[in-house]
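Biologist: Please show me the model. I would like to go through its parts one at a time.

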Amino acid sequence: MTDAARMHEITDETRAIVDIVLDYSRTRLLAEDTPLDKPLTPDELVQAAGRTIDEQGIGARQAISVFEHVLAPACITTDSPQYLSFIPSAPSKAAAAFDLVVSASSLYGGSWLEGAGAVHAENEVLRWLAAEFGLPEGAGGVFVQGGTLGNLSALVAAREAARSRALRQAQGPATPDRWRVVCSAEAHSSIASAARVMDVEIVAVPTGDDGMLRPEAVRAALDEHGDSVFAVVATAGSTNFGIVDDIAGIAEVTRDRGVWLHIDGAYGLAAMLSPRTRHLFAGVEHADSLIVDPHKWLFAPFDACALIYRDPERGRAAHTQHAEYLDTLTETADWSPSDYAVQLTRRARGLPIWFSLATYGAAVYREAITAAVDLATRIADEIERRPGLTLVRRPQLGVVVFERDGWSKADYDRWSTGLLDRQHAFVVPSSHRGRPNARFAILNPRTTFEHLTAILDTMQ
Ligand SMILES: Cc1ncc(COP(=O)(O)O)c(C=O)c1O
């Protein structure tokens with residue numbers, strides 16, 4: 001065997017490498033109690049990890065030892081039940097384990113020609129989600145990397161649809177000088193990011209005190225900006241508060257005006273699966289496009305966002321890449337996932353959730369989501385009961401935001417750093433309208449009421 005083939009041939013060395021990696025993965029997947037861990041500084045990591053890349057290699061055993069003892073402990077354990085910041089991740093064991101299979105199988109998820117089996121399974125999940133959300137039978141899309149890319153891809157398709165309609169109807173100037181997208185002032189930062197990439201303008205509509213975008217405000221924005229608005233984004237679960245916009249009301253306005261309705265449900269739309277919260281999402285069935293991130297509340301590993309179009313042809317018209325070497329893929333009627341978003345090469349990242357849904361069934365997902373909503377309600381009640389704490393808004397989903405009376409930003413920072421230093425919990429401060437606060441994002445089924453009250457106890 002030549003040295004060039006050493007990395008690929010099946011040899012004793014290869015078998016040992018695979019065993020080392022699988023043994024580590026098995027231990028991590030089955031660990032009862034993984035510490036929260038915390039970041040180190042770049043200098044500390046240089047010191048602790050040493051040089052790992054040279055001409056000869058340090059060998060798999062040494063490399064995994066560096067990972068296990070230096071690198072992994074410098075990464076916060078996002079599936080810890082005490083990880084309550086941002087939006088946590090809590091992959092089911094089946095989903096996390098199956099991610100290894102996706103890697104081991106060298107699947108290409110971009111085209112039907114190369115990945116038909118994987119694409120079929122991903123599409124079954126997308127169809128199931130579309131049906132849950134009340135979209136018509138032909139709805140479909142693709143799993144992309146995350147909500148940011150999902151929102152961008154949907155908005156690009158929306159603008160393309162508006163542009164071709166404007167060109168078809170053109171009398172006078174074919175398209176507006178400036179395209180605009182209407183969303184709530186509390187919409188996720190990825191909408192502004194998409195607008196920057198697309199060089200379009202954001203019309204950020206103020207919400208009421210409850211954080212909800214309402215149809216009257218959307219109607220006023222459309223009155224002001226007319227045909228320059230190519231899409232309205234409703235948020236199905238804001239990141240800061242988990243608030244769901246008045247989607248049914250907004251959908252009535254967008255249908256009236258013939259404007260594309262995109263639903264950003266990256267975090268919250270999963271809660272439409274729960275009988276407890278389903279009613280909050282009335283109107284989703286009118287969406288022209290929507291996203292939900294399985295790596296958030298659908299218990300899949302990073303990274304996966306389900307992007308679904310009511311009429312997938314709109315996505316395809318906007319996104320298919322054309323090149324001579326791709327003719328075999330694009331000159332067919334095959335369903336190729338690459339055609340539906342800003343991407344070409346793609347991992348079949350929908351397979352972990354497919355395997356998990358196939359393994360456990362959908363009912364347990366509904367239960368797990370309902371349990372998180374119930375826990376959020378219960379801890380909100382507890383916060384309202386406790387002197388010295390003030391709930392900022394009643395939670396609708398799993399995000400609970402509250403203030404410790406009299407605390408400055410520096411107090412929250414000190415408290416949060418202390419929690420992580422003691423490996424108690426990961427709760428970063430947030431803020432609302434300039435006032436600092438604390439925020440629990442609850443979705444991990446292993447998070448308990450007692451975990452949360454023990455954290456509140458540290459705010460005395
Ligand atoms: C409502 C909402 N939209 C979009 C995103 C962006 O998703 P991602 O981080 O997967 O890009 C998030 C992330 O938290 C979100 O909560």
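Modeller: The chain is assigned domain 1 (3-30 + 39-74), domain 2 (101-360) and domain 3 (363-457), with bounds from an automatic or database domain assignment. This is a predicted model, where local features need pLDDT of at least 70, side-chain atom pairs count only at pLDDT 80 or more, and totals for chains, interfaces and linings use all residues. Residues are numbered from 1 along each chain as its sequence is written.

Biologist: How many residues does the contact take from domain 2 and from domain 3?

Modeller: The centres of domain 2 and domain 3, taken over C-alpha atoms, are 29 Å apart. Two residues are in contact if their C-beta atoms, placed from the backbone, lie within 7 Å. By that rule the contact takes 21 residues from domain 2 and 17 residues from domain 3.

Biologist: Are helix 5 and helix 13 roughly parallel or roughly perpendicular?

Modeller: Helices are DSSP runs (H or I, at least four residues), numbered from the N terminus. Helix 5 (residues 112-132) and helix 13 (residues 351-360) pack at about 65°, their axes 9 Å apart; axes are lines fitted to C-alpha atoms over the stretch in contact, and angles run from 0 to 180 degrees between N-to-C directions. Angles of 65 to 115 degrees count as roughly perpendicular, under 35 as roughly parallel, over 145 as roughly antiparallel and the rest as oblique. Therefore the two helices are roughly perpendicular.

Biologist: Which residues of helix 13 meet helix 5?

Modeller: The helix 5 side consists of A118, A121, E122, E124 and V125. Facing them in helix 13 are L351, I353, W354 and L357.
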